[in-house]
Amino acid sequence: MRRFKSLPIERAVLERIIEAATWAPSGGNAQTWRFVIVTEPARIAKLKTVSPGLLGDPGAVVSVCQDLADARAKGSTLGETLLAPCDAAMAAQNLLLAAYAEGLGTCTVASFTHRAVARLLKLPADVEPVLLVSVGTPDETPKAPPRNREGIVHWEVYGG
Ligand SMILES: Cc1cc2nc3c(=O)[nH]c(=O)nc-3n(C[C@H](O)[C@H](O)[C@H](O)COP(=O)(O)O)c2cc1C
């Protein structure tokens, strides 16, 4: 979803979708994710200037972050390099589904300048933004782009 009505989103709704995100699985149940919820229009506008992939006028943007120092402490190198991004993606997916259940639309955004987002959101040195998720009141009903299933699914062994 990339077209939103310019309406604010109730804090209680945002709290519910963030709670859903925190129920995602995480490697070793490490839960090293961090969420920064941005609702101030001026701050969202600044985020857009450093995020070419962030389109439309969402009522909120959630920065799904990882505390890499915490991830390292709990899972060493594997925790930082593999589990942290997987866990962030799991949390983001929960967030998308919970937002949809609330009647909201979302877009996952990876196209942004990490350092600029970190500065705008005052992230501590070890906290890395992994994804931005825009959340808003839908102003379109987009059709899901087609999925290619040719050569994607393999039974028992690759090629089977
Ligand atoms: C890791 C990831 C990064 C993405 N980054 C962007 C982005 O920067 N900007 C954007 O508009 N959409 C982005 N998307 C959304 C995809 O383009 C979208 O999910 C895909 O085209 C399938 O469409 P659907 O989710 O509506 O079914 C991203 C999705 C994922 C999973």
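**Figure 1. Overall size of the protein.** For 160 residues, a compact globule would have a radius of gyration near 15 Å, and the protein's 17 Å agrees with that; the radius is taken over C-alpha atoms, and the globule rule is 2.2 Å times the number of residues to the power 0.38. This is a predicted model, where local features need pLDDT of at least 70, side-chain atom pairs count only at pLDDT 80 or more, and totals for chains, interfaces and linings use all residues. Residue numbers start from 1 along each chain as its sequence is written. The C-alpha trace spans about 50 × 40 × 30 Å along its principal axes. Some 34% of the 160 residues count as buried, meaning 20 or more other C-beta atoms (placed from the backbone) lie within 10 Å of the residue's own; 12 or fewer makes a residue exposed, and anything in between partly exposed.

Figure 2. Going from the N terminus, you get β-α-β-α-β-α-β-α-β, which comes to four helices and five strands. These are DSSP runs numbered from the N terminus: H or I with at least four residues for helices, E with at least two for strands.

**Figure 3. Where α1 meets α3.** The axes of α1 and α3 (residues 68–101) come within 7 Å and cross at roughly 145°. Axes here are lines fitted to C-alpha atoms over the stretch in contact, with angles from 0 to 180 degrees between N-to-C directions. On the α1 side the contact uses Arg16, Ile17, Ala20 and Ala21, while α3 brings in Ala91, Asn94, Leu95, Ala98 and Ala99; contact means C-beta atoms, placed from the backbone, within 7 Å. By class, that's seven nonpolar, one polar and one charged, with Ala, Val, Leu, Ile, Met, Phe, Trp, Tyr, Cys and Pro taken as nonpolar, Asp, Glu, Lys and Arg as charged, and the others, Gly among them, as polar.

**Figure 4. The shell around the ligand.** Gathered around the ligand are Arg2, Gly53, Leu55, Cys107, Thr108, Val109, Ala110, Ser111, Ala144 and Pro145, each with its C-beta atom, placed from the backbone, within 6 Å of it. Six of the shell residues are nonpolar, three polar and one charged.

**Figure 5. Two loop residues with positive phi.** Asn29 isn't a glycine, yet has a positive phi of about 55°. Look for Asn29 in the loop between α1 (11–22) and β2 (33–38); it counts as exposed because it has 8 C-beta neighbours inside 10 Å. Lys122, also not a glycine, has a positive phi near 55°. Lys122 sits in the loop between α4 (114–120) and β5 (127–138), and is exposed, with 8 other C-beta atoms within 10 Å.

Definitions and conventions:
Two residues are in contact if their C-beta atoms, placed from the backbone, lie within 7 Å.
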